[in-house]
Amino acid sequence: MEAFIIAIKYIWFAVLVLSMGTAILLFIRQIRRGKECEISCGNTFKSSLVPGVSRERGIALKLVCFYILWRILSIAIIFFLKSVFIEGYTFSFSGIFSELTRWDGSHYIGLIQNGYVNIGDARFHIVFYPLFPWVSRIFYYVVGNARAAAFITSNLCMCGAVYFGYRLFRMDLSVKDSVFGTLMLILTPFSFFSSMPYTESLFMLLLILFFMALRRKRWLYAGICGFFAMLTKNFGLMLLVPYVVAVIFDMAREGVSLKRILRTLSPVLLIFLGFGCYLLLNKVVTGDWFRFMLYQKEHWNNEISCILQNVTNQYKWFFISYVNSPEVRYPIWLPAILTTIYVFVMYFLTVKKVPQIYSLYTLACMFFTLMVSWPLSIGRYMMSVVPLYVMLPYVIKKDWARYISLALCAALQILVFFVYSCGGNIM
C-alpha cells in the first residue's frame, strides 16, 4: 500500500505541474495575440434561438421555481427516509430548522444571535467571515428566529444565484446548454448546502454577479461584488485571479494607457479592502489582526501546507488511516478524492473551450483548497465554483447522458443530504 501512495504522489505531481504549465502557456498565447486576444465582455447572448429578453427572464424564473420545488421535495424525502430508517424517530414541524442545522451551521446561528465575542468557545467563530451572519441578522430582527433567518437568507440568495447563473451561462452557451448547466448547479450532490445556514449561496450569488460585471467590462461593479464576496468567504481572494487576467487581456486588446490602467485596476483594491475589513474585525474583537489563523491551526487543525502532500494525504487517510472508520472514510475522504479528480478532469477537458478567466479561477480555487492541511469540506467548497457548470455542457453533450447525469446527481444529493441530516460527517 505504501508503494501505491508513492505512485499517487508522483501522479499528482505530474497533474499539478501540467495544469499550471497549461495555464501559463495558454495565458501567454492569449497575450501574444494582441488585438485578437480573448474578448472578456459578453453583452450579447451566444444564441438568438430565444427572441427577446422577456423570454430569457421567463426561462430563468422557471429554473428558480424548479429550485424551490426541488428543495421542498428533497427535504420532504429526507424526513420521510428518517421516519422509515431511524428507529424511534418522530417528525416535528417545529424541529425542521434545528434538524437541518449541522456542523458550521450552528456557529453561524450563534453569530446571528450574539455577534462576534472573545470569550468561551464562541471566540473561535472569528474564523467565519461576517457578511452572511450580518445579512441574516436583518431577517432575524423581522422573524425573531435565528435559524429561520439563516434559512431565509440562504434560499433567497440561491434563488438569485439560479436566476443570474442562467443569465451568466447564456453569455457563452445556448439556451439548452444553459438550462443544463443551471440544473446541474441545483442538483449537484453538495448543492443542498446552498439551502442550509452556510455561506455558499450568498457567495455563489456574488460570484455570478462578479463574473457578469467582469465579462461586460464593468470594472467598478466587479470590484464591489469582489468586496462583498471577500467578506463572505476566504475564496473571495481568488477573485483577484480572473480580475487581473481580464484586465491584462483588455489591455492587450485595446492598448495600455495611464487612464485605462487607473480605470480598470483601481476597483481591484476593493477586494483587498474587503479582506482588510475582515482583518479589522479580528483586531477589534480579539486584539490581533490575524487571530483567525491561530484559531484555524489550534482549534480546527488547519494551516497552510504543501499542496502535493495534502493531495497525497487524502489517499493515505482513505486507504490506510481510516480504513476501519467508515463513518469518516466515506463521507469525508471519498468525496474529497472524487471532487479533486473531477475538477482537474473538467479543467483539462475544457481549458481551450471556456473563457480563460473561468479556467484560471477554477484552478486557483482548487489549489487554494488543497493548500489546507485538513480538507474536510472539499465537496462543499468546490460546489460553489460556478465556472464548473459552464464547463459541463462542453463535456456532456448527448441528451441521454445529460438525463442520466441529472438523475444521478439528484439521487446522490438525496443520499448526501440524508446522511448530513442524520448527523453524519458531511461537512
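Reader: Let's start with N310. In which helix is N310 placed?

Author: N310 sits in helix α14, which covers residues 307-321. Helices (H or I, at least four residues) and strands (E, at least two) are DSSP runs, numbered from the N terminus. Residues are numbered from 1 along each chain as its sequence is written. Please keep in mind that this is a predicted model, where local features need pLDDT of at least 70, side-chain atom pairs count only at pLDDT 80 or more, and totals for chains, interfaces and linings use all residues, while side-chain values use heavy atoms, with hydrogens and water left out.

Reader: Thanks! Is N310 buried or exposed?

Author: Buried means under 20% relative accessible area, exposed over 50%, and partly exposed in between (1.4 Å probe, protein chains only). N310 has a relative accessible area of 3%, so N310 is buried. For contacts (heavy atoms within 4.5 Å), set aside neighbours within four places in sequence: N310 then meets S305, L370, M371, V372 and S373.

Reader: How do I read a pocket, and what is the volume of the largest pocket?

Author: On a 1 Å grid over the protein atoms alone, a cavity is a set of points where a 1.4 Å probe fits but cannot get out, and a pocket is an open set with protein on both sides within 12 Å along at least five of seven lines; lining residues have an atom within 4 Å of a point. Points are joined across faces, edges and corners, and a volume is the space filled by probe spheres set on them. Here the largest pocket has about 1,000 Å³. Its lining has 34 residues, with N234, Q296, N302, V372 and Y381 nearest the centre. V372 is also among the contacts of N310. The biggest contribution to this lining is that of α13, with four residues.

Reader: Where is S384 found?

Author: S384 is in the loop between α17 and α18. S384 counts as buried because its relative accessible area is 2%. A polar atom of its side chain lies 2.9 Å from the backbone oxygen of Y381. Leaving out residues up to four places away in sequence, S384 touches E200, F203, M204, L207 and K233.

Reader: Last one: how many disulfides are there?

Author: A disulfide is a pair of cysteine sulfur atoms within 2.5 Å, and the count here is zero. For C157, the nearest cysteine sulfur is that of C159, 9.3 Å away. The sulfur of C365 is too far for a bond because the closest cysteine sulfur, in C225, is 16 Å away. Both cysteines are buried: C157 has 9% relative accessibility, and C365 has 0%.

Methods
Polar contact = N/O pair within 3.5 Å; in protein donor to acceptor, adjacent residues only side chain to side chain.
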